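Good morning, and thank you for the time. May I ask you to keep the sequence and the structure in view while I speak?

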Amino acid sequence: MRLLPPIDECIAAAERALDGHQLSRDYLKMLVRRAQDAIRAEIAADAGDLPCDRAGMLERVTAAVRNAFAADEPALAPVVNATGVVLHTNLGRALLAEEAIAAVVQAARAPVNLEYDLVSGARGDRDALIEGELCALTGAEAATVVNNNAAAVLLALSALAAGREVIISRGELIEIGGSFRIPEVMAQSGARLREVGTTNRTHPRDFTAAIGPETALLMKVHPSNYRVVGFTSEVTLAELAAIGRKHGIEVVEDLGSGALVDLAAFGLPREPLVSESVAAGAGLVTFSGDKLLGGPQAGIIVGRRGLVDRLKAHPLKRALRCDKLTLAALSATLRIYLRSRSVAGAIPTLRMLTRTPDELERVASEARAIIAERIGPGFAIEIVPSTSEIGSGSLPTHQLPSRALAITHPSLSPDAIAARFRRARPPVIGRISGGVFQLDMRTVSDVSMLALEFPDSDEQE
Ligand SMILES: *Cc1c(COP(=O)(O)O)cnc(C)c1O
């Protein structure tokens, strides 16, 4: 360790080694730090063949810097989703439609009328870019958009209920992965949670009995990622809206995924429609842009004009607002819903959900041929029936029949095979099912991405 030269000497050596790349000093420093870490790890592991003089060590640092430079790729990179989870939060949820991708590129490249009224030449409202489409698709009077659905719920509660009470059923106090918990969002907004009913049963009278001078809102939350089954009873949105009307209290619904079209038309189980919630009398409905809608990450809020206006006027709206790239993608996606005759074909998320077993069988045999050519000796690849899921808390109990490649090797564990696929270029994320590593084909949108480069097989698995 003592032979490792000081950082300035290493940087000077790295600069000579990578001469011609015109690298900044900060960048060279980052590469040197990586190289030093790699060497320290070697020393700590007592890997033999370490240099025993300073010149040799400097040589080693320079070589490690060259390696670090060659290996340095952008941290955010394409991967193949072969998990079978269509809306995989950790892999970025919905893929955008081509029109939406083009809109993002266009908005990135040139100035846009983001908040500029081209008729009057005065400042405009960025929500105006998507409000008309959202109202047309949901039947609502007004709409606004923020960074994600968690932000939408936080904004709605902050603007309408801070310092007062929000009544909600105990059966709907949800936690969504990544620490979205209704009681905690409620606390953050300054609203007080008033839970009523029990985990499995809540009745209209529970709400009525809890209403008092402190009540600001009645809230309903879609239990996206679980189902309460057995001896159960819930207060429907229509019932809640009737109670609200009688007492002059607004109802807010967090719909989670919120579909814009009826999935039953594609042979999928029904997920509640945003338009149904609006028609049933919710004052505000919030939902995600990148779940079943199939657009960019966003939190969409639709509802009555007076309520939406209060949200828009709240200081948090400014802090939670979407950028032009998101609005470009969302606007293009909504226009597909309005203008396309075949939404299921045009929105990638819906397209993936509606792939047939026949199509998946074809994709599987293509994929098997492509992978077999590159994976190396000893591996067996078999096409097996599998089940994929929608993910992101949509239709949690519903499994879609699918096809997968089951990949085995006589001397490698499923975990080792999974790691090998993660280290491939591009990385492939599969899953282990019944003790076997599998690549589910439903979520593989582009088979040509499976023309993989695997790491050298002599590496440790
Ligand atoms: C997914 C979900 C959220 C969180 O939405 P994000 O867009 O991930 O912030 C909140 N509530 C419900 C009911 C959900 O399903």
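The largest cavity is lined by S169, E172, F207, M219, K220, V235 and L240. A cavity here is a set of points, on a 1 Å grid over the protein atoms alone, where a 1.4 Å probe fits but cannot get out, and lining residues have an atom within 4 Å of a point. The model is a predicted one: local features need pLDDT of at least 70 and side-chain atom pairs count only at pLDDT 80 or more, while totals for chains, interfaces and linings use all residues. Residues are numbered from 1 along each chain as its sequence is written, and side-chain values use heavy atoms, with hydrogens and water left out.

The space in the largest cavity is about 30 Å³, a volume being the space filled by probe spheres set on grid points joined across faces, edges and corners. By class, its lining comprises 4 nonpolar, 1 polar and 2 charged residues. In these classes, Ala, Val, Leu, Ile, Met, Phe, Trp, Tyr, Cys and Pro are nonpolar, Asp, Glu, Lys and Arg are charged, and the others, Gly among them, are polar.

I turn to the second largest pocket. A pocket is an open set of points with protein on both sides within 12 Å along at least five of seven lines. The second largest pocket holds about 510 Å³ of space. Its lining has 26 residues, and those nearest the centre are E172, K220, H222, P223 and E234. E172 and K220 also line the largest cavity.

Next, the ligand. Which residues are closest to the ligand? They are R93, S224, D254, S288 and K291, in a shell of 13 residues, each with a heavy atom within 4 Å of the ligand. The shell is made up of 4 nonpolar, 6 polar and 3 charged residues.

Finally, the salt bridges, of which the structure holds 31; each is a side-chain nitrogen of Lys or Arg within 4 Å of a carboxyl oxygen of Asp or Glu. One of them joins R60 and E42, at 2.8 Å from N to O. R60 lies in helix α3 (residues 54–71) and E42 in helix α2 (residues 25–44), so this pair ties together parts 18 residues apart in sequence. Helices are DSSP runs (H or I, at least four residues), numbered from the N terminus.

Technical notes. Helix = DSSP H or I, 4+ residues; strand = E, 2+ residues; numbered from the N terminus.
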